[in-house]
Amino acid sequence: MSDTRQPPGDVLGLAKKLREAVSQPELAEFDRPDPITDAARLAAYELAVALGRCRLFGVEPGTDLDGTLPPLVAMAAARALHDQLRHWTESVRQLDQRWEDTPNPIEADDFCYDLLEGRMEAMAAFTVIDEAYADCLDNRDALLGEFTNAVDGVLDALQALDEGLQAQKDLLSLAAGTHLLENWRTLLAEPYHETPPWWLDGTLEEAAQRIRRTALETQPDGATWRRHKTRLFDPPRTPVVIIWFPRRIERVARLAAQGTEEPQAPIAAVSWTAPDAAHYAVLSVPETADDDSSLTVAFFDPQDRPTTEFDGSVAILASVPATIANGRAGFPIKQLAPHRQEEPILSVAGRIWTRESA
Amino acid sequence: MTTRTIDDSRLKELCAPLPEQRKPFAALKRILAFGDLGRWWLDPSMLDLAKPAATSCSSWLEVPRPASAIGSVWVLFVNTCPAELPLLRRAMLLPLIWKPGFDHSSRLPMHLREVASQVVAVLAEEEVPGLVAARWGLHLAIEDDLDLSAITLRCESAWASLAAGLIVAAEGGRPDTDVWATGEWSPTPRQFSPVDGLEAKLALATEYRAGKFFVPPMQLEDARKATSGTGPQLASLDAEKRTLYHVVEPYVTALFRWPEVPAASDEAALQTCIRYYLHQPPQAESTLRFYRSHLLRGVADHCRRQVEKKWPNCKPTHLVTVVSTSPELAALSAAALGVKHRLFLHTDDCKQKSAADVVKACLNDLGERGADCPAPFTMGPSMAEQMIALGNHFLQGVPPGQAVIDLKPGNKKMTYALSRLARPGDWLFNFDGKQHDHRRTIPLTETVDLWQAM
């Protein structure tokens with residue numbers, strides 16, 4: 001118990017937190033025949049959360065800390081978790097109203113993040129409670145009946161919380177605009193990484209994408225664009241003045257898992273004029289694109305008809321080449337991505353086209 | 001999150017003619033500037049024009065459809081200045097949603113918010129279930145950042161749509177997006193006024209392939225002329241009624257989408273089905289079919305719980321009942337009592353023979369398997385004797401106390417014959433309930449009565 005070093009890969013310091021949870025004096029109550037106090041129940045819950053987080057995020061706490069919770073401790077943790085779940089479920093019910101009523105948007109958004117953090121906490125606690133229950137079941141422990149009731153109660157409460165949260169996924173999708181979900185996803189160990197819980201499987205990102213698709217782009221004139229874009233979206237020294245690249249790149253596997261979704265709106269359109277001042281090219285920019293897809297530029301003649309006149313020529317967009325075919329040139333997202341901060345310069349057959357303001 | 005404000009001058013700007021050159025690009029830029037509302041309000045030719053320039057997301061440039069979530073509602077507006085707004089549709093649809101527990105959105109067109117408030121107030125005053133104590137707010141169903149509060153639109157014709165949409169939402173139903181309406185109604189005095197732009201609205205409904213369109217009664221003929229037999233089926237709101245609820249009831253009946261079969265424990269879904277059922281015409285075959293598929297299980301469980309609680313020693317094995325013109329009654333007693341041997345007495349005509357088959361099918365669907373004996377008898381002076389003879393034959397060898405006679409279905413003579421069949425100790429079954437109209441009981445108000453023959 002005296003080893004306070006952080007195991008490799010434990011970026012969240014979970015082993016240290018587990019050590020603190022194990023050292024809570026209230027846990028001594030479980031070794032005595034007296035009734036368990038609320039403080040001891042809370043200590044058991046904190047221990048379950050701390051150990052559960054180590055399991056979820058693949059942190060080896062060390063042999064002196066690892067193990068299965070004793071049935072009495074796990075049962076007390078289950079009861080505390082049950083109370084906690086009911087509290088969160090009530091908070092979800094009030095989420096709409098609280099979010100509406102809170103003038104400070106940061107505070108309002110925090111309600112959503114707190115609930116998601118609560119759901120992660122519940123997952124962590126339940127992981128080790130379930131582990132202890134399986135152990136109890138194998139050993140036909142005398143507490144099995146009581147433990148079964150406690151676990152059933154937790155399962156019902158988890159279901160109620162999940163139903164409430166899923167009904168609020170539009171609000172919870174605010175988390176998709178932070179690093180919260182991605183961080184959890186990155187840190188999850190197997191098997192949780194392979195089959196993440198619903199709030200980390202892209203459901204919230206999908207909701208956010210639907211809601212945000214038109215929120216950031218109003219296509220005002222170039223000057224307003226620059227002013228707003230600098231203020232709202234870009235880091236102070238970013239030189240980009242035009243949106244020509246998707247805001248979000250998705251892995252194909254994730255999109256496939258999400259199934260069909262609402263068609264997404266383009267967030268911007270960019271046009272270039274040919275050196276003959278008559279032909280032109282257009283690129284419309286999606287908010288989200290698969291990482292193995294392409295951005296397509298379409299070519300038009302002076303009468304606004306799609307044209308194949310440039311077929312066979314090489315077009316270069318932001319240093320990435322593509323051959324024009326059927327009046328279009330497709331530039332692979334993967335190749336464009338490193339150049340996303342650059343000006344979108346287009347050249348066709350070695351001649352640079354002039355970009356119009358968008 | 002930025003706010004996309006569209007007021008009258010912005011609307012004019014966005015709906016001005018396109019420049020002569022680079023029209024696909026210009027159209028796409030205009031649509032993007034308009035936001036999601038552009039797909040709903042801009043002339044569809046704009047969407048088509050922009051498609052070649054939409055090198056990504058081209059499917060977004062299809063004309064969208066209204067949603068059918070709980071609370072979904074859509075209202076129609078008319079472009080009253082087509083010369084100034086040439087790219088705006090002649091009639092436009094605005095998708096909205098009624099949200100429980102909310103105030104009206106401050107981003108709605110101001111006049112629409114006023115109409116919404118009046119609709120809520122009138123329906124609450126009429127004590128429409130679900131609206132008396134609850135707060136309902138109207139919100140845009142597109143783009144959270146869209147602000148239309150400063151736009152000037154005539155919104156009076158939204159009365160009918162908002163009222164019917166709210167009633168369906170309060171009853172837990174989802175709207176059928178193929179059923180549309182326009183109708184201006186005034187609470188004082190309680191009457192309709194003709195709506196503007198009916199022809200353009202009908203053309204929009206036709207474009208969206210709406211199946212049914214409700215109009216104010218005084219404009220039904222105009223609507224017929226305008227559509228000349230093509231487009232949606234036309235129907236009239238009910239001008240004869242005094243309350244807004246009843247005025248829009250024909251529309252509500254059509255708008256309320258056939259709900260899913262409720263799960264056994266889903267009380268809210270069952271209540272929605274009851275509301276749906278009570279809106280439907282009482283004796284229509286589709287209504288009866290709905291009762292059997294969606295409500296019979298819940299009603300049978302409701303009755304069975306009463307039997308188990310009040311008469312725990314009633315465990316009949318044999319049931320005698322009559323298949324009347326309401327075959328679900330016979331199925332209900334069999335299911336409520338959980339009896340496995342069932343005698344279905346019925347008149348010997350084809351109609352009642354198939355009604356007996358309906359009872360068997362109902363019980364089968366409910367998972368109430370058992371041995372069913374259809375037993376035809378002839379109407380006439382010997383009817384009672386025939387019924388008693390058939391019943392006695394069926395109950396031969398069944399100990400008294402294990403048979404139950406269902407007195408609910410059939411006419412009085414039949415009830416009399418059946419009551420004579422009961423032996424001392426046998427059970428007699430009946431139920432009563434709150435009547436919605438003269439022909440049907442409100443589901444889940446049934447009160448079972450059981451007693452033993454002396």
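This is a predicted model: local features need pLDDT of at least 70, side-chain atom pairs count only at pLDDT 80 or more; totals for chains, interfaces and linings use all residues.
Two strands count as paired when DSSP finds at least two bridges between them. Strand β9(B) and strand β10 (residues 233-236) of chain B are parallel partners, with 4 bridges between them. Within that pairing, B:Val215 has B:Ser236 of β10(B) as its bridge partner.

Strand β9 (residues 212-215) of chain B also pairs with strand β6 (residues 179-181) of chain B, again in the parallel sense, over 3 bridges. Here you can look for B:Trp180, whose bridge partner in β9(B) is B:Phe213.

Next comes a hairpin in chain B. Strands β7(B) and β8(B) form it, with 2 residues between them. Their residue ranges are 184-187 for β7 and 190-193 for β8, and the two pair in the antiparallel sense over 4 bridges. B:Ser186 stands opposite B:Gln191, which belongs to β8(B). The loop between β7 and β8 of chain B is also the place of B:Pro189. A cis peptide bond joins this proline to B:Thr188, with omega about -10°.

Chain B also has an open sheet of 3 strands, in the order β2-β3-β4, with antiparallel pairing. At its edges are β2 (72-78) and β4 (136-140) of chain B, each of which pairs on one side only. From one strand to the next, the twist averages 35°. Strand β3 (residues 91-100) of chain B is joined to β4(B) by 5 bridges in the antiparallel sense, and B:Trp98 stands opposite B:Leu138 in β4(B).

Two helices of chain B go with this sheet. Helix α6 (residues 159-170) of chain B packs on the sheet and touches β2, β3 and β4 of chain B, its direction making about 175° with that of β2(B). Helix α7 (residues 198-207) of chain B lies across β2 and β3 of chain B and runs at about 75° to β3(B).

Now let us turn to chain A. Its open sheet has 5 strands in the order β8-β5-β3-β2-β11, and the pairing is antiparallel. The edge strands, each pairing on one side only, are β8 (328-332) and β11 (354-355) of chain A. Strand β3 (residues 280-286) of chain A and strand β5 (residues 294-300) of chain A run antiparallel and are joined by 4 bridges. In that pairing, A:Tyr280 has A:Phe300 of β5(A) as its bridge partner.

This sheet also brings the two chains together in the picture. Helix α2(B) lies across β2 (266-273), β3 and β5 of chain A, running at about 155° to β2(A).

How many residues of chain B are in contact with chain A? There are 30 of them, and they are in contact with 41 residues of chain A. The area buried between the chains is about 2600 Å², with carbon and sulfur atoms giving 60% of it. On the chain B side, B:Arg22, B:Phe25 and B:Thr55 lose the most area to chain A, together 26% of what that side buries.

Helices α2 (23-34) and α3 (36-41) of chain B each supply at least two residues of the side that touches chain A. The largest share, 7 residues, comes from α2(B). By class, the side of chain B that touches chain A has 12 nonpolar, 6 polar and 12 charged residues.

A search of the whole structure finds 33 salt bridges over all chains. One pair in a salt bridge is A:Glu20 and A:Lys16, whose closest N and O atoms are 3.3 Å apart. Because these residues are 4 apart in helix α1 (residues 14-22) of chain A, about one helical turn separates A:Glu20 from A:Lys16.

A cis peptide bond joins A:Glu190 and A:Pro191, with omega about 5°, and A:Pro191 lies in the loop between α8 (180-187) and α9 (203-212) of chain A. A:Ala349 has a positive phi of about 50° although it is not a glycine. Look for A:Ala349 in the loop between β9 (346-348) and β10 (351-352) of chain A.

Terms used
Residues are numbered from 1 along each chain as its sequence is written. Chains are lettered from A and ligands numbered from 1 in the order in which they are written. Side-chain values use heavy atoms; hydrogens and water are left out. Contact means heavy atoms within 4.5 Å. Buried area is the accessible area (1.4 Å probe) that two parts lose on being put together, summed over both. Ala, Val, Leu, Ile, Met, Phe, Trp, Tyr, Cys and Pro count as nonpolar, Asp, Glu, Lys and Arg as charged, and the others, Gly among them, as polar. Axes are lines fitted to C-alpha atoms, for helices over the stretch in contact, and angles run from 0 to 180 degrees between N-to-C directions. A salt bridge is a side-chain nitrogen of Lys or Arg within 4 Å of a carboxyl oxygen of Asp or Glu.
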